[in-house]
Amino acid sequence: MKQFKLYSGMAAVCAMLMFASCGNDIELTEAQAPAKGEYKVTFTASQEGSATRTAVDGANVVWQTGDAITVFDGAGVACPFELAKGAGTTLGEFQGTITVTEPKSYCAVYPAMESATIDSDYGISGLSLPVEQVATPNGFDPLAAIMTARNDNADKITSTSEDLSLGTFKHVCAFVKVTTTEDYDKITFTAKGGEGIAGGFTVTLDENGISTVTPAADASTTVSLVPVIEGTKIAAGTYLIAILPGVLEKGFTMSCSSIDKETSTVTTMVRSFNQSTVAFSRRNVVNMGTVEEGATAAVWTKVTQQYVDLGLSVKWATCNVGATIPEGNGDYYAWGETSMKDDYSWGTYKWCDANNNNSMTKYNDFDGKSILDACDDAAHINWGGAWRMPTNAEMEELYNTENCKWEWTSQNNVNGYKVTSLKDGYTDKFIFLPAAGFRSDTGYNPDDSYGLYWSASLGESDPNYAWYVTFSSSYLIYRNDGSRYCGFSVRPVFQ
C-alpha cells in the first residue's frame, strides 16, 4: 500500500455528483502505442439526476476555486486534478496528469485526505468523516461530501485517444435531516449501540462502485453539527448530518442544545429512538422532522439543566444525573452503563464476560479505548446534547486544591462537599456534591456520610477499574481502582 498526499478541495452545498470524461487531444506516435507515461487529461464534473439527490430540494452543486479530486492510477499512485474551469457553476472541469503503467482500472476520491491509501483490492483506507461538521443551511458540510468512483476501462488508452471516464462518483455516507425553529449551539446524533458513525473508515470498491464501508475500531459513536464561527449559534433552518452507513442495533438519540450564559442554563431538545436494527443506507436521507416540543410526527423532549462556570476547562452541572436539585442523590450507574438496575455486580455488568474470569468485553487491554464512548456515557445519554461525564484530566482539575477549595458541609440538611473556585474572577462560584453513597450487588448505601463520583476514564493498570473521586467528612481521595460494576453518582460537564 502506497501513501500519497491529496490536495484539499472545498465545494459548496453538495448533492450526488457524476463525473464524465471529456478527453483532450494528445500527441502520440504509433511507436508509443500503447504508451506508458504521463498524459494530461480533463474530467468534467456535473450533477446527477434529482432521483438520487442527497441535498435538500433546491440546492445545487457549486464548484469553487481550489476544488480538487484525486485519481489513483493503475499502480495506486495518487494523481491530483484541480478545478480549471467552472468555478461558481454546477459544471466544473478538472485537469491533471495520469501516469499510465498498464492499469486495469482507475479509482478516485473526493474531497482530499492526506492519510488516504489504496490497495490492490480496491480498498481505500485512511479516510475520515468529520466528527464535528459545520452546519450548512439546506445542505451539509462540504468536507462530509465524501465520494468515490471506479472505472475499469483504463486499458482503452490508445495512441490516438484516451478514455479515462471515472463514471459516477457515489456518496459514501448516509444523511440525517433535521429542521429547527430556534437557534442552537450544537446538534448531536449518537448511535446508542456503539456503532462507528464518523471518524476513520475504509471503503472497498467493486465494479459497480461502493461495495462496503467499514468503520475503524476507534470510530466515533457520535456526530455533531457546530456553527461556522465558534461562539455563534446555528441559525434556525434545515440541515443534514453525514454519518457512515450501517445498521444501528439499539437505535439512536438526537439532541439540539442551546446555552444561555445569562441564566447559566443549557436547554436541550432530545429525541430518542430505541427500536433495534435501524438501517441507514448510503446516500439515503432519514428525516428527523421539525424540532418542536410535543410534535406529533416525532417526540422531542425538552430538558433544562443549570450549570456553574468555575473558571476551569469545562462547565459543571449543578446537580447529579437523576436529580433535580443540588442536594438530590440522583441515580446510580455502573461505569459505562446508562440506566439504573436492581443488581450491581459483575454478573449483571454490561461489559463483563462473567464466564471468562470477569474479563472486559469493551474498554479493555485490546480495543484501545480509555474514555467512554458517547453511547456509554450516562450523562450524555440521559441529558443529551453537549453534556457528558468528566474525563480524568477534568476531574483532576476540579480535585486540585490549587483550583478549588473542598469543604465538608451540610446544605439544606444534606451532607456533602462544597467545591468553591479559587480562580480569579470566579471565587463566588461553587458546586455542591452530595454524599449520595453508592450501589453494590443488591445493596443500597445512601447514608449521606460518603460520596463516590465516576469519571469517564478507565483505570491505569487494570481494565476492571475506572477513575473516581470518593469522600467523607474525614477524607477526600481521587482513585483509579473503582470496580466498574458498582453504582456511583454522575455529575455532568460540558465544554
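**Entry 1: strand β18**

I began with β18 and found both of its faces covered, since Thr238, Leu240 and Ala242 on one side and Tyr239, Ile241 and Ile243 on the other are all buried, where buried means under 20% relative accessible area, exposed over 50% and partly exposed in between, with a 1.4 Å probe and protein chains only. In a regular strand the side chains alternate between the two faces of the sheet. With 6 of the 6 residues of β18 (residues 238–243) buried, I noted this strand as largely enclosed by the rest of the structure. Strands here are DSSP runs of E with at least two residues and helices are runs of H or I with at least four, numbered from the N terminus. I then looked up a partner and found that β13 (residues 174–180) pairs with β18 in the antiparallel sense over 6 bridges, pairing being called if DSSP finds at least two bridges between two strands. In this pair Thr179 stands opposite Thr238.

**Entry 2: the model and the chain**

I note that this is a predicted model, in which local features need pLDDT of at least 70 and side-chain atom pairs count only at pLDDT 80 or more, while totals for chains, interfaces and linings use all residues. Residues are numbered from 1 along each chain as its sequence is written, and side-chain values use heavy atoms, with hydrogens and water left out. I find 2 helices and 36 strands in the chain, and buried residues make up 53% of its 495 residues. Of the contacts with a separation of 6 or more, 68% are between residues 24 or more positions apart, a contact being heavy atoms within 4.5 Å.

**Entry 3**

I next traced an open sheet of 3 strands, which has the order β33-β34-β35 with antiparallel pairing. Its edge strands are β33 (450–458) and β35 (476–483), each of which pairs on one side only. The twist averages 30° from one strand to the next, with axes taken as lines fitted to C-alpha atoms, for helices over the stretch in contact, and angles running from 0 to 180 degrees between N-to-C directions. Helix α2 (residues 392–399) packs on this sheet and touches β33, β34 and β35, its direction making about 155° with that of β35. Strand β34 (residues 465–472) and β35 pair over 6 bridges, and Phe471 stands opposite Leu476 in β35.

**Entry 4: two loop residues**

Is Asn464, which I looked up next, buried or exposed? Asn464 lies in the loop between β33 and β34 and is buried, with a relative accessible area of 18%. Not counting residues up to four places away in sequence, Asn464 touches Trp346, Asn358, Met360, Gly482, Ser483 and Arg484.

I found Pro390 in the loop between α1 (378–383) and α2, where Pro390 counts as buried at 0% relative accessibility. With the same exclusion of residues up to four places away in sequence, the contacts of Pro390 include Trp316, Trp454 and Arg491.

**Entry 5: the largest pocket**

Last, I looked up the largest pocket, which holds about 1,300 Å³ of space. Of the 44 residues that line this pocket, the closest to its centre are Lys186, Ile259, Ala386, Phe494 and Gln495. On a 1 Å grid over the protein atoms alone, a pocket is an open set of points with protein on both sides within 12 Å along at least five of seven lines, and lining residues have an atom within 4 Å of a point; the volume is the space filled by probe spheres set on the points, with a 1.4 Å probe.
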